[in-house]
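This report looks at a protein chain, with attention to its salt bridges. Please examine the sequence and the structure before reading on.

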Amino acid sequence: MQFLEKNTIKEKICDWLMIGMRSCIHCESFLVRKSLLCYFCESKLFSLSCSEGLYHHFEHQVSCFSLLSWERDQNIILNRLIPNLKGKRQRKAWSYFAKLIAYELSRQSPRTLGFSLNEELLIVPCPSRKKVNDHAFFLAQGLSEELKVPLVKTMEFGKFNSESKKMKRADRLAIQKLTLSKVESEKPLIHNKANITVLFVDDVITTGATLKAANLLHKEYKNFIAISLAFRR
Ligand SMILES: [Zn+2]
């Protein structure tokens, strides 16, 4: 028992020291929250970018819910927040935003959502092109914990062939195809797909090209819904 308490104190001291090292990414106040912003900047961000809780939109006929609507040049705080969140060691910040999204989802009626949080759901993160768990995965993981919904990596980006290795990085990434992962296609892990609603999670939805491909790969499922932190207009 005493050992546990000692560890908690240690953690608290570490947290406190970390706070001293970080400051609000917008105004540099030292009273920074898990969102990487101080209370005032966080409130301002939400009043500017998410006045109605969740932003509902359709991309390539997929129903999408985003916490923040991102119009470039119109929200300096969000312009700063997104690149900072994509930096290293931001797992805690992503799980904080996941909590907010889960809360907002739970406040909506199944009619508004087009699905119920009580039905059979599956959280699918947008895969990383670099084969490591990235921001979309951290957000998906946070949502999976909050909503008590299983997370399965059903997709992956295809491997480069010898031809594509000679190409420029940007061209190579552009042709890299999204496919179903071994988990989805080989192992019969997911039964009764027709009863499962897929919640596809990405950090930022921009053109929706990945979203479109992901939707096509999940045609056998009952429903396909996209969830993101931000939607860039
Ligand atoms: Zn601030």
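## A salt bridge between Arg33 and Glu42

In this predicted model, Arg33 and Glu42 are joined by a salt bridge, and their closest N and O atoms lie 3.0 Å apart. The two partners may also be described by their relative accessible area. Arg33 has a value of 36% and is partly exposed. Glu42 has a relative accessibility of 7% and is buried, because buried means under 20%.

## Overall architecture

The protein chain contains 10 helices and seven strands. It has 233 residues, and 42% of them count as buried. The accessible surface of the chain is about 14200 Å². Carbon and sulfur atoms contribute 54% of that surface.

How much of the contacts with a separation of 6 or more comes from residues 24 or more positions apart? In the protein chain, such residues account for 69% of these contacts.

## A link between Glu119 and Lys222

The whole structure holds six salt bridges, and one of them is formed by the side chains of Glu119 and Lys222, with an N to O distance of 3.4 Å. Glu119 is in the loop between α5 (110–113) and β3 (121–125), while Lys222 is in the loop between α10 (209–217) and β7 (223–232), so this pair ties together parts that are 103 residues apart in sequence.

Glu119 is partly exposed at 21% relative accessibility, and Lys222 is partly exposed with a relative accessible area of 48%. The value of 21% for Glu119 does not count as buried, because that class requires a relative accessible area under 20%.

## A link between Lys193 and Glu220

A salt bridge also connects Lys193 with Glu220, and here the closest N and O atoms are 3.5 Å apart.

Glu220, in contrast, is exposed at 59% relative accessibility, because exposed means over 50%.

## Summary

The salt bridge of Arg33 and Glu42 brings together a partly exposed residue, Arg33, and a buried one, Glu42.

Terms used. Residues are numbered from 1 along each chain as its sequence is written. This is a predicted model: local features need pLDDT of at least 70, side-chain atom pairs count only at pLDDT 80 or more; totals for chains, interfaces and linings use all residues. Side-chain values use heavy atoms; hydrogens and water are left out. Helices (H or I, at least four residues) and strands (E, at least two) are DSSP runs, numbered from the N terminus. Buried means under 20% relative accessible area, exposed over 50%, partly exposed in between (1.4 Å probe, protein chains only). Contact means heavy atoms within 4.5 Å. Accessible areas come from the Shrake-Rupley method with a 1.4 Å probe; for residues, only the protein chains shown count as cover. A salt bridge is a side-chain nitrogen of Lys or Arg within 4 Å of a carboxyl oxygen of Asp or Glu.
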